[in-house]
Amino acid sequence: MKTSNPVLARLGQAAERERAAGYAQPGPYGQPGYPQQYAPYQQQYPTGVGYPAAPPTVTPMTLDDVVVKTVMLLGILGASAAAAWVLVPDALVGVAWIGAAVVGLVLGLIISFSRMANPALVVAYSIVEGVFVGMVSKAFESLYDGIVLQAVAASFGVFFLMAMIYKARIIRATPRFARIMISIMVGLFAVMLINLVLALFGVNTHLRDGSPLAIGFSLVCIVVASLSFVLNFHEIEEGVRMGLPQRYSWTAAFGIVVGLVWLYLEILRLLSYFQGDD
């Protein structure tokens with residue numbers, strides 16, 4: 001099945017390019033990623049004795065690689081958010097918020113549509129996104145005490161729940177599911193973009209003002225963000241199965257981080273609707 005995940009869409013293409021270049025999927029010869037054309041020689045010389053000038057190998061991506069990179073990126077994002085929270089003066093929160101959002105969006109688009117996994121860009125994105133999340137969190141926490149901790153706990157709770165649901169195969173990333181999900185996600189982002197533009201001109205669509213419509217919209221966003229992890233998990237599983245090079249674990253981890261940030265922001269906003277004005 002071709003992926004419809006906007007963040008991990010090019011992983012399958014990357015695997016095909018790597019295989020076309022002569023790299024193997026994990027094979028029976030005990031050396032994952034060994035060039036296929038040399039497999040008969042590896043079988044003939046299993047210990048490597050007398051094997052002439054072995055070419056470079058490619059280490060395939062594993063699930064552990066993705067987990068480690070995801071934890072690393074979340075740690076960087078969290079540290080950046082904490083630093084921004086402490087170091088950025090209250091008077092500059094808005095400027096830092098907007099600036100980090102714009103830079104993060106640009107970096108995210110570059111990473112998403114890049115044909116090569118770039119760890120430096122992914123780390124830079126986590127740092128910038130950390131500043132954005134830190135500023136948003138600081139603003140909400142100043143209005144509603146304890147809301148940030150609640151949102152963080154809820155976000156990770158939903159993530160691990162979706163991981164268990166996917167592992168149990170309760171929800172499967174079928175082609176129909178993927179098509180429906182990508183259509184809904186594109187539609188939601190289009191609505192949010194239009195709402196933002198209208199808000200800049202003073203038009204209130206009631207999608208983000210705490211009204212019943214706003215609560216319903218946030219609930220829809222949370223459900224969709226949660227289900228998007230099913231697509232992420234499927235892409236990672238397929239990447240491991242196809243023997244993607246290890247460096248693409250950065251791209252897979254990036255996709256998870258993007259989903260978690262979106263989920264966190266939507267939960268944070270939803271919780272704020274029920275906090276009152278005290």
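1. From helix H6, the residues Ile147, Val148, Gln150, Ala151, Val152, Ala154, Ser155, Phe156, Val158 and Phe159 touch Ile256, Leu260, Leu263, Tyr264, Ile267, Leu268, Leu271 and Ser272 of helix H9. Contact here means heavy atoms within 4.5 Å. By type, the residues of this H6 and H9 contact split into 15 nonpolar, 3 polar and no charged.

2. A word on what you are looking at. This is a predicted model, in which local features need pLDDT of at least 70 and side-chain atom pairs count only at pLDDT 80 or more, while totals for chains, interfaces and linings use all residues. Residues are numbered from 1 along each chain as its sequence is written, and side-chain values use heavy atoms, with hydrogens and water left out.

3. Now the overall picture. The protein has 9 helices and 0 strands; both are DSSP runs numbered from the N terminus, helices being H or I with at least four residues and strands E with at least two. Of its 278 residues, 42% count as buried. Buried means under 20% relative accessible area, exposed means over 50%, and partly exposed lies in between (1.4 Å probe, protein chains only). Among contacts between residues at least 6 apart in sequence, 79% link residues at least 24 apart.

4. Back to the first pair, and how its helices are set. Two packed helices are described by the angle between their axes and the distance between the axes. The axes of H6 (residues 147-167) and H9 (residues 249-273) come within 9 Å and cross at roughly 130 degrees. Axes are lines fitted to C-alpha atoms, for helices over the stretch in contact, with angles running from 0 to 180 degrees between N-to-C directions. H6 and H9 are therefore oblique to each other; angles under 35 degrees count as roughly parallel, over 145 as roughly antiparallel, 65 to 115 as roughly perpendicular and the rest as oblique. Their crossing is right-handed, a term used if the near helix is turned clockwise from the far one by less than a right angle, with anticlockwise giving left-handed.

5. H9 deserves a look of its own. With 25 residues, H9 reaches 37 Å from its first C-alpha to its last, close to the 36 Å expected at 1.5 Å a residue. That expected span is 1.5 Å times one less than the number of residues. H9 is largely enclosed by the rest of the structure, because 21 of its 25 residues are buried.

6. H9 also packs against H3. The axes of H3 and H9 come within 8 Å and cross at roughly 50 degrees, so this pair is oblique too. The crossing of H3 and H9 is right-handed. Asp65, Val66, Lys69, Thr70, Met72, Leu73, Leu74 and Leu77 of H3 meet Ser249, Trp250, Ala252, Ala253, Phe254, Ile256, Val257, Leu260 and Val261 of H9. This contact divides into 13 nonpolar, 2 polar and 2 charged residues.

7. Serine 249 lets you zoom in on that contact. Serine 249 lies in H9 and is buried at 0% relative accessibility. Beyond its neighbours within four places in sequence, serine 249 touches Met61, Asp65, Val66 and Lys69.

8. What about H3 itself? The buried residues of H3 (residues 63-87) are Asp65, Val66, Lys69, Thr70, Leu73, Leu77, Ser80, Ala81 and Ala84. Their cover includes H5 (119-143), H8 (212-242) and H9.

9. Alanine 100 sits in H4 (residues 93-113) and is buried, with a relative accessible area of 7%. Setting aside neighbours within four places in sequence, alanine 100 contacts Val128, Val131 and Phe132.

10. Finally, some loop residues. Aspartate 145, in the loop between H5 and H6, is exposed at 70% relative accessibility. Most residues other than glycine have a negative phi. Arginine 169, in the loop between H6 and H7 (175-200), has a positive phi near 60 degrees and is partly exposed at 29%. Histidine 206, in the loop between H7 and H8, has a positive phi of about 70 degrees and is partly exposed, with a relative accessible area of 39%.

Note on methods
Nonpolar A, V, L, I, M, F, W, Y, C, P; charged D, E, K, R; others polar.
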